[in-house]
Amino acid sequence: MLIKTDTELAILGGPKLNKKEPLRWNNSLGKEERDAVLEVMDSGTLSGFQASPNEMFWGGKNVKKLEASFKKAFNVKYAVAVNSATSALHCAMMSLGLDIGDEVITSPYTMSATSTSILMVGGIPIFADIEEETFCLDPQSVRKSINNNTKAICAVNILGHPANLNELRKIADDNNLILIEDNSQSPGATHYGKFTGTVGDIGVFSFNRHKVMQSGEGGVMVTSNNKIYEKASLFRNHGEAVVEEFGINDITNTIGLNLRMTELEAAIANEQFKKLETLNDERIMLANRLSSNLGSFDGITPPVTLPNNKHVYYMYGIKYDENVTKLPRKYFVEAMLAEGFSIREGYLKPTYLEPLYQKQICFGKKGFPFSEAKRDSKLEYSKGLCPVTERVQDNSMVLTAVMQSPQTLDDMDLWTEGVKKVLSKKEKLIKHMKK
Ligand SMILES: Cc1ncc(COP(=O)(O)O)c(C=O)c1O
């Protein structure tokens, strides 16, 4: 493809390099999903659930089909379909049976629900740092964060790359902890031949609108542990109302919510699940092209896939070193945006820097559950807690989601030309931005 990059930068009034609308959300919904939805509509049963001690406690036919597909594909004993990954995380935390003030170690470089799910059950999130290359939990940092109050580790397979799961599994086993994987962003990724979401005791998947497979909203929790499955199922559907009839004696954490997935969502998720491998393959193909293109720019490091891992590229996380490119990250991103490319500076603020943790105000005015922390030392959420996370977020992370269908290899080349254009005109750009 012949591309003209010798034009003026768009941010300085020149023509945009990318004339297409920048892509924001995945839309792989097609005839299959439409037909599945119409079938549910025609059945008149939009939800198959009822909070009664009968067959309907377990949901409708599409929900059961989705759970069966997840069990088979991921080789796990149980799957619990719910209305979001936030709900699946909540189910996971509820199933641990934490006492108020117990601690769960997790990553600060993730979407907020990973750690709010811990607070929601009266637990205390403890943040360990991330690894520089994958942006996932650093096992060394996790090890240092363990104390007598630690009950679980919640790893996050972020942006599509697996966390160092074998190492985290070992730490969990050595310390008698449950390992949860927030796998919302990495369905179909693998770590040493195992699917992410299945190395841990619990795996969580998301089907919200911007995930690789989506049903608008939705999620699944998988496990092979019968106790965890039982608690999660009760929590999903007003467990308190059925424990007697189900003969459940240990009623801890069986109080429930309505986290039920509708038949419409499940019908769509079933069709999307069939496409997951293809959707992942497309992303990998496009990401590989981008990586091979970007490898030639000093100061721009494409995402790393560690040996024995499969990256599924929910997003494409570049490490940008402005000391090498000699163009501030902020200016680079603004100029790329002006050229019409999908790009973003940083991912999310480290979770502990959010007001929830800074003020330690969650339920009520007295700081519950932070106020119930059992540890002797003070809870630590101050700036500087996780230096790698802060450095990545503040200095180097540049994100794009350009590597997904219906974008093509030509679009990857055009994106690369955008980088070339912006970097080649950096002196003029810096002069303009400083004005
Ligand atoms: C890592 C991670 N965890 C949890 C969630 C929550 O997912 P949901 O929107 O399905 O509740 C998300 C969604 O963006 C996520 O990326």
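User: In which sense do β10 and strand β12 pair, and over how many bridges?

Analyst: Strands of a sheet pair through backbone hydrogen bonds, either parallel or antiparallel. Here β10 and β12 (residues 316-320) pair in the antiparallel sense over 2 bridges; two strands count as paired if DSSP finds at least two bridges between them. I300 stands opposite Y320 in β12. This is a predicted model, where local features need pLDDT of at least 70, side-chain atom pairs count only at pLDDT 80 or more, and totals for chains, interfaces and linings use all residues. Residues are numbered from 1 along each chain as its sequence is written.

User: What order do the 4 strands of the open sheet take?

Analyst: The order is β10-β12-β14-β13, with antiparallel pairing. The edge strands, β10 (300-301) and β13 (344-345), each pair on one side only. Strands (E, at least two residues) and helices (H or I, at least four) are DSSP runs, numbered from the N terminus.

User: Which residues have the most contacts inside the largest nonpolar core?

Analyst: In soluble globular proteins, nonpolar side chains tend to be buried together. A nonpolar core is a set of buried Ala, Val, Leu, Ile, Met, Phe, Trp, Tyr and Cys residues joined through C-beta atoms within 7 Å; buried means 20 or more other C-beta atoms within 10 Å of the residue's own, with C-beta atoms placed from the backbone. The largest core here has 115 residues, and I153 and M221 have the most contacts inside it. Helix α8 (residues 263-294) gives the most to this core, with 9 residues.

Notes: A residue is buried if 20 or more other C-beta atoms lie within 10 Å of its own, exposed if 12 or fewer, and partly exposed in between; C-beta atoms are placed from the backbone.
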